[in-house]
Amino acid sequence: KAGVTQTPRYLIKTRGQQVTLSCSPISGHRSVSWYQQTPGQGLQFLFEYFSETQRNKGNFPGRFSGRQFSNSRSEMNVSTLELGDSALYLCASSLPGTGGGETQYFGPGTRLLVL
Amino acid sequence: DAKTTQPPSMDCAEGRAANLPCNHSTISGNEYVYWYRQIHSQGPQYIIHGLKNNETNEMASLIITEDRKSSTLILPHATLRDTAVYYCIVRFHYGQNFVFGPGTRLSVLP
C-alpha cells in the first residue's frame with residue numbers, strides 16, 4: 001500500500017505570495033492532519049480534516065487554511081507569506097475509529113523557503 | 001504543551017540495546033503512549049504505541065510502568081540507521097492531535 005504523498009517536495013516563494021501544498025493520504029484513510037516543523041518551534045499542529053470537515057485546529061493565524069476533498073486528499077494554503085513561514089510542512093493520515101488508537105502516518109513533507 | 005519529558009540526547013553502541021525513557025506523570029486513564037522517530041528531516045515514522053500493557057513489534061518494544069507514569073522504548077539491537085530523534089507522545093484514542101516535544105536525539109555509535 002502506498003504511503004502518504006506530498007507535493008511539491010520543495011518550494012521557494014517570496015514574501016507576500018501565497019502557496020498551496022497538497023497531500024494524498026494512504027488509501028482508505030479519511031483523516032488528514034497538517035503540521036509545521038521549524039528549528040525554533042519544533043513540530044506544531046496546524047489542523048486536521050476528517051470527512052471534508054475541519055475537526056481540530058492548532059494555534060496558527062488565519063493565513064493558514066486547509067481543505068479536504070471527497071476523496072480524502074487535502075490541501076493547505078498559506079497566504080501573504082512571511083519569512084517565518086519557512087518550514088517543513090508535514091501531512092499525516094489516519095483511519096479514525098479503528099481499535100487501538102488512531103495512528104498517524106506521516107508523509108515526507110514539503111520544504112518551503114520564503115525569501 | 002507536550003505532556004512528556006524525555007532526555008535531550010543519548011548515545012548507544014551499535015548492536016546494543018537502546019533504552020529510551022519517557023516520563024508522562026500526568027497521563028490520564030484513556031491516553032495512549034505513542035513513539036515516533038524522525039531521521040534527518042524526513043517525515044516522522046511511527047514505531048509503536050500502547051495503553052497499559054507492554055507491546056512489541058518488529059521494530060521495538062514498549063514497556064509501560066504499572067502506574068503508567070513512565071515508559072521505555074527499547075530498540076533491541078541498535079544499528080547506525082536508528083540514529084534519529086525519538087518522540088514520545090501521549091494522546092487520547094481519537095479526535096486529538098499529536099503534541100510533539102523536543103524528543104530525544106539518539107546517536108548510535110560504531
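**Exercise 1. Decide whether Glu75(A) is buried or exposed, then find its salt-bridge partner.**

Step 1. Glu75(A) has 16% relative accessibility, so Glu75(A) counts as buried. Buried means under 20% relative accessible area, exposed over 50%, and partly exposed in between (1.4 Å probe, protein chains only).

Step 2. The partner is Arg67(A), with 3.2 Å from N to O. A salt bridge is a side-chain nitrogen of Lys or Arg within 4 Å of a carboxyl oxygen of Asp or Glu.

Step 3. Arg67(A) is partly exposed, at 46% relative accessibility.

A note on the model: it is predicted, so local features need pLDDT of at least 70 and side-chain atom pairs count only at pLDDT 80 or more, while totals for chains, interfaces and linings use all residues. Residues are numbered from 1 along each chain as its sequence is written, chains are lettered from A and ligands numbered from 1 in the order in which they are written, and side-chain values use heavy atoms, leaving out hydrogens and water.

**Exercise 2. Describe the salt bridge between Arg63(A) and Glu82(A).**

Step 1. The N to O distance is 3.6 Å.

Step 2. Arg63(A) lies in the loop between β6 and β7 (64-68) of chain A. Glu82(A) lies in the loop between β8 (74-78) and β9 (87-94), and 19 residues separate the pair.

Step 3. Arg63(A) is buried, at 16%. Glu82(A) is partly exposed, at 42%.

Step 4. Over all chains, a search of the whole structure finds seven salt bridges.

**Exercise 3. Which backbone values stand out at Glu52(A) and Arg68(B)?**

Step 1. Glu52(A) is not a glycine, yet its phi is positive, near 70°. Glu52(A) lies in the loop between β5 (42-50) and β6 (53-57) of chain A.

Step 2. Arg68(B), also not a glycine, has a positive phi of about 65°. Its place is the loop between β6 (61-64) and β7 (70-75) of chain B.

Step 3. Glu52(A) is partly exposed at 47%; Arg68(B) is buried at 8%.

Key:
Helix = DSSP H or I, 4+ residues; strand = E, 2+ residues; numbered from the N terminus.
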